[in-house]
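Here is a quick tour of one protein chain, going from single residues out to the whole fold. Have a look at the model first, then read on.

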Amino acid sequence: MAEHTDIINASGELRRACEGGSTPQVVAAVDRVEALLHPHTRDEETGLFAVLRRQEQFTDHIESLCSEHTTLDAQLEAIRRAGADVDPVLVDTFLHDLRHHIDREDNGLFPAAAIALDSPDWAEVDEVTPALAPASGAPGQAPGRG
């Protein structure tokens, strides 16, 4: 959830760049959001979402969230292509969709996962999530978790 805060903060920089910046400033702001968003969504999809997907009650919700990841990526790409000439409605739509997506995770899926998953499930999430997986040469020790 802390990553969500970083992504929201970077999206504020994106809004400011789109409101009065040059194309290089808009592209740099898109790059910053993507640099935070892409690893985050990859980790969710290969870690927590993959484990939750095995429980039928989460399947549709996970599919919906993954679809939103794709939509957010497409919106960012459209903002990048438009540069300084970006339609403010596109930026507003992206920011709205991003916040809505984060709300669905923070206030829906994540609390439900905390209840639905047991200790072995969480161990598997840690094992299969790229950012949390144990580093080679240090069995059982994930980077930054020492």
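## Cysteines and what is buried

C66 has a relative accessibility of 11%, so C66 counts as buried, since the cut-off is under 20%. C18 is buried too, with a relative accessible area of 12%. Keep in mind that this is a predicted model. As for bonds between cysteines, a disulfide is a covalent bond between the sulfur atoms of two cysteines. With a cut-off of 2.5 Å between cysteine sulfur atoms, the count here comes to zero disulfides.

| Residue | Relative accessible area | Class |
|---|---|---|
| C66 | 11% | buried |
| C18 | 12% | buried |
| E68 | 17% | buried |
| A74 | 47% | partly exposed |

E68 sits in helix α4, which covers residues 56-82. At 17% relative accessibility, E68 falls under the 20% cut-off and therefore counts as buried. Which residues does E68 touch once its neighbours within four places in sequence are set aside? They are H100, H101 and R104.

A74 is in helix α4 as well. Its 47% puts A74 in the partly exposed class, because that class runs between 20% and 50%. Between the C-alpha atoms of A74 and I115 there are 33 Å, and the two residues are 41 apart along the chain.

Now for the packing. In soluble globular proteins, nonpolar side chains tend to be buried together. The largest nonpolar core in this model has 20 residues, and the ones with the most contacts inside it are L14, C18, L76, I79, F94 and L98. Two or more residues each come from α1 (2-20), α2 (23-46), α4 and α5 (88-116). Helix α1 gives the largest share, six residues.

Leaving out residues up to four places away in sequence, F94 touches L14, V33, L72, Q75, L76 and I79. There is also a second, separate core of 13 residues, which includes F49, V51, F58 and L117.

## A look at α2

How far apart are the end C-alpha atoms of α2? They are 33 Å apart, and that agrees with the 34 Å its 24 residues should span at 1.5 Å a residue. Still, α2 has a kink of about 25 degrees, centred on E34.

E34 is also one of the buried residues of α2; the others are V26, A29, V30, V33, L37, H40, T41, D43 and E44. An α-helix has 3.6 residues a turn, so residues three or four places apart point the same way. In α2, V26, V30, V33 and L37 follow such steps, and each of them is buried. The cover over the buried residues of α2 includes α1, α3 (48-52), α4 and α5.

## The whole chain

Zooming out, the protein chain has six helices and zero strands, in the order α-α-α-α-α-α along the sequence. Its C-alpha atoms fill a box of roughly 50 × 35 × 20 Å along the principal axes. Of the 146 residues in the protein chain, 38% are buried.

Among contacts with a separation of 6 or more, 66% are between residues 24 or more positions apart. The accessible surface comes to about 7,800 Å², and carbon and sulfur atoms account for 54% of that surface.

Note on methods: Residues numbered from 1 in each chain as written. Predicted model: local features only at pLDDT ≥ 70, side-chain atom pairs only at ≥ 80, totals over all residues. Heavy atoms only, no water. Helix = DSSP H or I, 4+ residues; strand = E, 2+ residues; numbered from the N terminus. Buried < 20%, exposed > 50% of the residue type's maximum accessible area, 1.4 Å probe, protein only. Contact = heavy atoms within 4.5 Å. Core = buried A, V, L, I, M, F, W, Y, C linked by side-chain atoms within 4.5 Å. Expected span 1.5 Å × (residues − 1). Bend = angle between axes of the 7 residues up to and from the residue. Areas by Shrake-Rupley, 256 points an atom, 1.4 Å probe, with all protein chains shown as cover.
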